[in-house]
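Reader: I am new to reading structures. Please take one part and look at it closely with me. Where should I look, and what can I learn there?

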Amino acid sequence: MSAGLAFDVLLCLLIIGAAGLAVGGRQLFASIAFFVTYGILVGISWLRLGAIDVALAEVAIGAGLTGVLLMGAWAAIRRRNREARGEYGAEGNGSGASRDDEEDPVVPGGRKLAAAVVCGVLAGLLAAAILTLPGEASGLLPRVTERLGDSGVGNPVTAVLLNFRAYDTLMESIVLLMALIAVWTLTPRELWGGEPGLRQHARGDGVLATFGKLLPPLGVLVAMYLVWAGADRPGGAFQGGTVLAAVWLMVVMAGMARVPRQSSPALRLALVAGPAVFLGVGLAGAGFGVFLGLPVEFAKTLILAIELALTLSIAVTLALLVAGVPTARERP
Amino acid sequence: MMFSGAILYALCGAALIGIGVYGFITRAHLLRRILAFNVIGSGVFLLIGALGHRTPGAEADPVPHALIITGIVVALSLTALAVALVLRHVADTGRAVLPEEETEEAV
């Protein structure tokens, strides 16, 4: 076994172990921590598969933002449970303490076993299907390589995302927006239009406050680099937008800025800018023959224009998705 | 057949799908279900991406990569919506499990 393959085997075992601990762990908080670790390990596996763009997206979005979302929800539920007990006594069945933060009905062992068998068979069938495939397949790589010169960019992943399969990416940017609209529909009526949730407890001299001052300039630089370099090297609007979203969340968590109100026109403009520019370019293409067709000589300019608008919208949408809906509390 | 690294990661993806579905079935806490859903998702991505890496020169096929990046973003959108729904459910009922699970628990 070569050193490379040994590393791959070890990494796969670590990934499976982390997934097992995240799914099966006793404490929810530890499970979420293992899930973030798991995401980073999966990111390393993407590097081994030569997919640097995917690795960036997995670590930033799959591990980072998803981890923040789950952690925030865990904290919110715990806080609510404690308040419910503290203010109203142990309501319900009178044993409030046992219902603390880890409410998870005990599943009978027999059912667990049945589920394990079903899932084992499922994974086994998938593995059997994988092993029956031919060991080599060229996929769509030759066709992408052949037409890369017409795409306006040098990074084949960006070429697929914003030119060859631009339709998928347009839909994706709209899905993001729709998800935020769906989240916002859960806003309690009396709070509509207010500042989306996310409370900050940062002390002026604390770690978070210090990082909140140190990291943003660096983060903005990294984000813009990712967007700009994404044309010819790994990176792009989604990775850059995620870094920007993280910077903004950091600033908000450090208590240095407030989240704009839901009703802010500037905020709403930022949300729709990306999909709107994308759709506009697509419709202009339709005027010249093909919807979303980019003429070869303007392809690079148009892709950059779409990417810059998308980066802004993605950053704002992701940050607001993590922030959630306005809450009734006063800010500290 | 040749046992390459790509096939290894595809098998790892299959195992992750199994683990995720197991968690989805056996854990009742809604945040755990969301977590398990994300494990299933990344297992599917790993499977697709690894199978796209079986190219003759072991060069990466960009089409599955672009698909997966799209998938990761869509998964996050769904996760955010699911978390918002869970928080609303908790605010309304005080519980982070579905009513059906509670009845089963009581029986």
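Author: Start with confidence in chain B. Helix α4 (residues 99-106) of chain B has the lowest mean pLDDT among the elements of that chain, at 61. Helix α2 (residues 30-51) of chain B has the highest, at 95. Where pLDDT is low, predicted coordinates should not be read in detail. Chain B as a whole has a mean pLDDT of 88. In chain B, 92% of the residues reach 70 or more. For the model, ipTM is 0.92 and pTM is 0.89.

Now turn to chain A. Chain A holds 11 helices and zero strands. Its pattern along the sequence reads α-α-α-α-α-α-α-α-α-α-α. The C-alpha trace of chain A spans about 70 × 55 × 40 Å along its principal axes. Chain A has 332 residues, and 40% of them count as buried. Take the contacts in chain A with a separation of 6 or more: 73% join residues 24 or more positions apart.

Next, see where the chains touch. Chain A puts 81 residues into the contact, and chain B puts in 76 residues. On the side of chain A, the elements giving two or more residues include α1 (3-24), α2 (28-48), α4 and α11 (299-323). Helix α3(A) gives the most, with 16 residues. By class, this side of chain A has 55 nonpolar, 14 polar and 12 charged residues.

Here is the close look: one pair of helices across that contact. Two packed helices are described by the angle and the distance between their axes. The pair is helix α4 (residues 109-132) of chain A and helix α1 (residues 5-26) of chain B. Their axes come within 8 Å and cross at roughly 155 degrees. Angles over 145 degrees count as roughly antiparallel, so α4(A) is roughly antiparallel to α1(B). The crossing of α4(A) past α1(B) is right-handed.

Which residues meet? From α4(A) come, among them, A:Lys112, A:Ala115, A:Cys119, A:Gly120, A:Leu126 and A:Ile130. The residues they face in α1(B) include B:Ile7, B:Leu11, B:Ala14, B:Gly18, B:Tyr22 and B:Thr26. The contact of α4(A) with α1(B) has 17 nonpolar, three polar and one charged residues. Lysine is a charged type, and A:Lys112 is one of the residues in this contact.

Technical notes
Residues numbered from 1 in each chain as written. Chains lettered and ligands numbered in written order. Predicted model: local features only at pLDDT ≥ 70, side-chain atom pairs only at ≥ 80, totals over all residues. Axes fitted to C-alpha atoms, helices over the stretch in contact; angles between N-to-C directions. Helix = DSSP H or I, 4+ residues; strand = E, 2+ residues; numbered from the N terminus. Parallel < 35°, antiparallel > 145°, perpendicular 65-115°, else oblique. Left-handed = near helix turned anticlockwise from the far one by under 90°. Contact = placed C-beta atoms within 7 Å. Buried ≥ 20, exposed ≤ 12 C-beta atoms within 10 Å, placed from the backbone. pLDDT = per-residue confidence, 0-100.
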